[in-house]
Every structure is written in C-alpha cells, then in structure tokens.
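Dear colleague,

I am passing on the structure we spoke of, and my notes on it follow below. Please read them with the model open beside you.

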Amino acid sequence: MKMEVQWLLWTVFSILVFRFAFALWSTGRALAPCLSKRPFCTLIVLGSGGHTAEMLDLVSMLNHERYSPRCYVAALTDNMSLSKAQRLEESFIPQAAANHKARYLQIYRSREVGQSYLTSMVTTTIGMAHGLWIVFRIRPDIILCNGPGTCLPICIAGFLLKILSFKWVVMVYIESIARVRKLSLTGLLLYKLCLMDQFFVQWPKLKNKFPRAQYVDRLM
Amino acid sequence: MERDSTRGYVFVTVGTTSFDALVRIADSRACREALLSRGYSSVVFQIGRGSYIPQKSTGDEDSLKTNYFTFAPSLADFIKNAALIISHAGSGSIFEALRAGRPLVVVANDALMDNHQMELAEELAESKYLFCASPGTLVNTITTMDLSSLIRYPASTPLAVVQALDQFLGFSNQ
C-alpha cells in the first residue's frame, strides 16, 4: 500500500513539475490562432488612484466585444476604484455591455501601507488564498494589471491555474507611465519571475534595462 | 509659447491629493510677487483634499486676483485656458496639461515617502516639456524660467499597446 501511494505521489509530482516547466516555457509565446475566434474573459486588477486611472484608460481603448466579459478586482479597502470602473462600463455602447455583464469583486489586501511584517505574513496568506479563490472561480482568459500590490496574488494564482489545469491564462502587465527609470516593486517581481506573457513598459530607458519587456510607445 | 499677461490666469492644481505645501508657497507673498513680475494677473487654486485655504482677492494694480475651489468634475476647461499651470507631480495632471499644450511647472511633494513621481517629472523636464521644482524652489523657478525654451509634448499613440496585445492574442485588426 505504501509503495503504491509513494508511486502515485511521485507521478503527480512529476506531472506538476512538467506542467510548471511547460508553463514557463510557453509564457510569452503568441497564442495559436484557433484560440482567438471567441471573446476573452478579462480579469482587470485595479489599484488605487493613478493605477486605476491608467488601467481604465486602457480598458476604454480595448475592443469591448473581444475582451468580454470583464471582471474588475480591487482591494477591499479601496473605496473608489470599482465605482469608477462601473461608471466606465456604463458609458460603453449599451448593447455590447448587455451581452456580457461586467463584474466587480474585492480582494483582501495582502499588506496595508505601514503594516508590521509579522501581521503582514498572515494577511498576505489570506490575500493569496483569496486571490486563488477569485481566479479559480472566474477562470479568466486574460489578466490585465499595471502594478498595485493587489495584482501579485492574482498573477500568482493565474500562473497556478495554468499549471494545475489546462486553462491557458494570458497574463499581461503594463508598467505605469510614471515609472521611467525603475520598475515598481510589483513589476520587478513579476518580471524576474517570468510570469507574464506580455510585459509592457512605457519608456525606452526601461526597455534598455529590462530587455524582455516590450516598449510600444506611451499610453498618454 | 508666448508669455501671456493679458489673458488667462495661473492654475495651481493638486489633483485628488492634499498638498498644502504647494498651495501655501504658491499663495505666499514671494510667489505672488514673482508671478506678478512675470506678467500674470490672476491665479486659481484647485486645493483638493488640502486644509490650507488661500486668500481670495479681487485683485488690483499690485496684487493677483485670487480664487480657489476644492474639486470639479473635470479640470479640462481650467487647464485649457490657463496661461501657466503649476501642478503636483501626479501623472494624470501632468499629461492633461501637456496634451493641452499649456506651459507647466511640476512641483513634487517631497513629504511623500516613495517619491517616484520625481522620476517622471525629471524625465519630462530633461526633454524640456515642462519645468520641475520643489516647494522650496518654486519661486526661483517662476522668476527665472524661460517659457520659450519649452518644447511641445508630442502626441503618443496609446493604441499601440492595444494593437500589440490584439496581435499577440491572435485577433486580426481591421
């Protein structure tokens, strides 16, 4: 009995390792054309203030039929981002919005500004678990984020979804226009971890420092 | 970019933040005198969540006409008609002013812990799209700035990112 359990565990482990390697290797490769005939369920991570403004600017430029349905996620303590997203959605062509209703979710913030590291460990775990719950429930086709700490648990969850299931989640990061010479902490982490399929920066200096990033002009 | 003394006003904006240091220094006597000496005749403060209230004034020969408000649904009209904009370093405010083609002085809030806002302001100042200052150097900047040295900020192509994304996902672009 013990041998069989061991054998089973090793098999599962090997599969996971293989899936992990495969996911890393496939990250960044353009999608097969056959996958793009249908609309993409889009998960949009909103941070406070400037992050939200930039992200909503970007969302307003997307083709709303292709990137649909849209699900917005903001931190629990963020009062304004989701209502701004709602106002944006209401301004879209009514028939496009009617087909796929947008959703608005809140996630436990992993760490508040100035929070002690000890309690942060607990809240980060909760935030991570909540991120997993949200991503595994929504099962988005694409995750869009631009830098708030809120996007870390979401992106890690998205990557886990890639490994643990056959769902291919396209992960897209757009660094804020305010980041000219240095990446934000979140951006740096995500860049180093090679988790994102597409990593956009808005200044050529950043592209020089981080060659795997893409620079295709500024959003503003 | 011409120095505009007979039309328009100086627009001081802090966006959605609280930036008393900027409002206070812009409202100071030294700054008012500097603005007057450069030919401006009135100033409008948008003070956001700040607690420092500037002195309203109808203005006469020797003083700046002054008005203020906290928030407005859109600052576009204030920005469009301003002869000079003095703004906090938020990227939204900066680019709104730049796109409107108005002369701009950006003031970074050195009380903010992680002052990455300076990166953006400095980069744009280096390219001569705007002037950069701190609350402590604002008066000097106003006194010595050469508005004719400013270059108009070139329009960007925001759709470039969207197109790159569409292409990656395999959507064909019409």
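In this predicted model, the second largest pocket is lined by 14 residues, and those nearest its centre are G28(A), M196(A), D197(A), F199(A) and R212(A). Its volume is about 230 Å³, and its lining is made up of seven nonpolar, four polar and three charged residues. Helix 7 (185-192) and strand 6 (198-201) of chain A each contribute at least two residues to that lining.

Two of the residues named there, M196(A) and F199(A), also belong to the largest nonpolar core, which has 34 residues and in which they, together with I154(A), M171(A) and L190(A), touch the most other members. Helix 6 (residues 151-164) of chain A gives the most to this core, namely seven residues. As for M171(A), its contacts beyond the neighbours within four places in sequence include I143(A), C155(A), F159(A), L195(A) and M196(A). Another core lies apart from this one and has 31 residues, among them L82(A) and F200(A) as well as V161(B) and F168(B).

Turning to the aromatic rings, the structure holds 13 aromatic pairs over all chains. One of them joins F22(A) and W25(A), whose ring centres are 6.1 Å apart and whose planes stand at 35 degrees, so the pair counts as tilted. Both residues lie in helix 1 (residues 2-26) of chain A, three residues apart, which is about one turn of the helix. F22(A) is partly exposed, at a relative accessible area of 34%, whereas W25(A) is exposed, at 52%. Elsewhere, ring pairs link F199(A) into a cluster with Y173(A), Y191(A) and F210(A).

With best wishes

Definitions and conventions. Residues are numbered from 1 along each chain as its sequence is written. Chains are lettered from A and ligands numbered from 1 in the order in which they are written. This is a predicted model: local features need pLDDT of at least 70, side-chain atom pairs count only at pLDDT 80 or more; totals for chains, interfaces and linings use all residues. Side-chain values use heavy atoms; hydrogens and water are left out. A nonpolar core is a set of buried Ala, Val, Leu, Ile, Met, Phe, Trp, Tyr and Cys residues joined through side-chain atoms within 4.5 Å. Buried means under 20% relative accessible area, exposed over 50%, partly exposed in between (1.4 Å probe, protein chains only). Helices (H or I, at least four residues) and strands (E, at least two) are DSSP runs, numbered from the N terminus. Contact means heavy atoms within 4.5 Å. On a 1 Å grid over the protein atoms alone, a cavity is a set of points where a 1.4 Å probe fits but cannot get out, and a pocket is an open set with protein on both sides within 12 Å along at least five of seven lines; lining residues have an atom within 4 Å of a point. Grid points are joined across faces, edges and corners, and a volume is the space filled by probe spheres set on the points. Ala, Val, Leu, Ile, Met, Phe, Trp, Tyr, Cys and Pro count as nonpolar, Asp, Glu, Lys and Arg as charged, and the others, Gly among them, as polar. Rings of Phe, Tyr and Trp (its six-membered ring) pair if their centres lie within 6.5 Å; planes under 30 degrees apart count as stacked, over 60 as edge-to-face and the rest as tilted.
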